[in-house]
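User: I would like to learn how to read a structural model one feature at a time. Could you take me through this one, with the general idea before each case?

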Amino acid sequence: MGSRVVPLGIPTDTMNEAKDSNHPVVLLSTRDPVLNQGPLGSPLRRERSPLKIFCDDEADLEEGKLLKSKDNKLLVGPVRIHNQALLSGLAYCLSSCSMILVNKFVLSGYDFSAGISLMLYQNFVSVVVVSVLSLSGMISTEPLTWRLIRVWLPVNFIFVGMLITSMFSLKHINVAMVTILKNVTNVITALGETYFFGKYHDTRVWTALVLMIVSAISGGITDLSFNAVGYSWQFCNCILTASYSLTLRRVMDTAKQATKSGNLNEFSMVLLNNTLSLPLGLFLVLVFNEVDYLFTTPLLKKPMFWLVITSSGFLGLAISFTSLWFLHQTSATTYSLVGSLNKIPLSVAGILLFNVPTSIKNTFSILFGLLAGIFFAKAKIRERSQS
């Protein structure tokens with residue numbers, strides 16, 4: 001978190017689902033592994049600032065997109081940047097892929113066995129960065145009142161569970177298979193939308209969902225590094241990620257009413273979600289007895305290890321910023337397609353960098369799942385255009 005182990009924001013799959021709803025799309029965490037994930041919110045207050053690029057006054061997030069500015073140029077101080085669509089797309093893809101690979105490296109490469117503590121530290125980094133930006137006046141955030149916190153707590157519990165199960169699954173499963181198995185989230189979300197919201201999905205969407213299920217099953221059967229524990233955590237992560245998306249849609253309107261301004265921008269949600277996750281994460285660290293491990297592991301004495309896990313926190317935050325920027329410069333359609341296509345280099349990099357044992361059958365299953373994801377994105381785009 002989303003496996004994420006991914007960061008600021010939700011997995012790309014969850015974000016694409018949220019964009020199809022009647023509520024704003026929001027990036028709420030700094031962690032979704034396939035991110036995607038990942039995850040945008042209502043427009044920021046209208047103060048001008050260096051970070052104003054992410055939410056212009058012309059933002060129309062109720063429609064799942066941000067309107068382009070007339071000159072399509074990004075202003076940061078006196079510097080004017082051209083070709084923002086390409087630059088923002090590359091930045092989004094790079095930060096998204098890097099976040100997942102860095103998390104995988106920490107959990108598997110370093111053999112770090114305290115996934116909850118890693119999540120807790122990444123969320124802490126996000127809180128510090130967003131707080132500093134808010135205090136400096138670069139962004140605006142809503143005050144965290146008890147009324148708002150009470151409304152948001154159910155969402156936050158699911159959010160924390162989503163991140164933790166993502167961490168645990170990513171430790172035991174290779175990146176490519178995590179990417180394919182995350183497709184199950186789309187299936188659960190679509191079923192939830194139909195059952196709870198009465199949303200209609202056309203034949204193309206259901207066909208893509210069936211293909212995703214087939215690819216996930218075939219991928220698991222042919223996975224040479226199959227790990228039952230990791231697959232169990234990933235299945236739990238899919239359920240929680242879908243639940244997070246569906247619950248968010250129910251809570252969003254109530255949460256806005258609990259704010260002083262009647263609005264809840266994406267930076268406020270990042271601050272809210274990550275701040276509330278700190279006491280809960282600390283409690284879970286104690287429950288899972290990660291404290292003893294933290295006191296005995298030599299990793300915490302290595303400056304390079306601290307540099308890596310701190311960078312993962314910044315990468316999580318970068319996913320939120322670059323996602324907002326990219327969506328602002330292009331459209332929901334382009335964003336969805338790039339999010340699906342981004343899984344291809346991520347899967348290849350995961351196999352090559354971590355020397356994952358594979359076979360022709362497993363490789364075909366992974367490729368089949370990736371193509372099913374692209375087909376699903378195109379089907380959703382077609383469905384939106386017809387609605």
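User: Is Tyr231 buried or exposed, and at what relative accessibility?

Analyst: Please keep in mind that this is a predicted model. The general idea is to compare the relative accessible area with a cut-off, and under 20% means buried. Tyr231 has 14% relative accessibility, so Tyr231 counts as buried.

User: How should I read the arrangement of aromatic rings, and how are Phe226 and Tyr231 placed?

Analyst: The idea is to look at the distance between ring centres and then at the angle between the ring planes, where planes under 30 degrees apart count as stacked, over 60 as edge-to-face and the rest as tilted. The count for this structure comes to 13 aromatic pairs. In one of them, Phe226 and Tyr231, the ring centres are 4.5 Å apart and the planes stand at 40°, so the pair is tilted. Phe226 counts as partly exposed, at 46% relative accessibility, whereas Tyr231 is buried at 14%.

User: Which parts of the chain does the pair of Phe267 and Phe321 link?

Analyst: Phe267 and Phe321 form a tilted pair, with 5.5 Å from centre to centre and 45° between the planes. This pair links distant parts of the chain, since Phe267 belongs to helix α9 (residues 266–287) and Phe321 to helix α11, 54 residues apart. Phe267 is buried, with a relative accessible area of 3%, and Phe321 also counts as buried, at 13%. Elsewhere, Phe105, Tyr110, Phe112, Tyr293 and Phe305 form one aromatic cluster.

User: How do I check the length of a helix, and what does the check give for α11?

Analyst: The idea is to set the distance between the end C-alpha atoms against the span expected at 1.5 Å a residue. Helix α11 (residues 303–329) has 27 residues and reaches 38 Å from its first C-alpha to its last, close to the expected 39 Å.

User: How many residues of α11 are buried, and what does Ser312 touch?

Analyst: Helix α11 is mostly covered, with 19 of its 27 residues buried. Ser312 lies in this helix, and Ser312 is buried, with a relative accessible area of 0%. Leaving aside residues up to four places away in sequence, Ser312 touches Met99, Val102, Asn103, Leu118 and Gln122. Ser312 and Gln122 are 190 residues apart along the chain, yet their C-alpha atoms are separated by 6.8 Å.

User: How do I read the meeting of two helices, and what is the case for α3 and α9?

Analyst: One asks how near the axes come, at what angle and with which hand they cross, and which residues make the contact. The axes of helix α3 (residues 115–135) and α9 come within 8 Å and cross at roughly 145°, and the crossing is left-handed. Among the residues making the contact are Leu120, Phe124 and Val127 of α3, and Phe267, Leu271 and Leu278 of α9. By class, the contact of α3 with α9 has 13 nonpolar, eight polar and no charged residues.

User: What should I look for in the backbone, and which residues take a positive phi here?

Analyst: Most residues other than glycine have a negative phi. Asp111 follows α2 and has a positive phi, near 55°, in a residue other than glycine. Asp111 lies in the loop between α2 and α3 and is partly exposed, with a relative accessible area of 48%. Asn289, which is not a glycine either, has a positive phi of about 55°; Asn289 is found in the loop between α9 and α10 (290–296) and is partly exposed, at 44%. A glycine case is Gly137, which takes a positive phi of about 85° just after α3.

Technical notes. Residues numbered from 1 in each chain as written. Predicted model: local features only at pLDDT ≥ 70, side-chain atom pairs only at ≥ 80, totals over all residues. Heavy atoms only, no water. Helix = DSSP H or I, 4+ residues; strand = E, 2+ residues; numbered from the N terminus. Expected span 1.5 Å × (residues − 1). Buried < 20%, exposed > 50% of the residue type's maximum accessible area, 1.4 Å probe, protein only. Phe/Tyr/Trp six-rings, centres within 6.5 Å; stacked < 30°, edge-to-face > 60°. Axes fitted to C-alpha atoms, helices over the stretch in contact; angles between N-to-C directions. Left-handed = near helix turned anticlockwise from the far one by under 90°. Contact = heavy atoms within 4.5 Å. Nonpolar A, V, L, I, M, F, W, Y, C, P; charged D, E, K, R; others polar.
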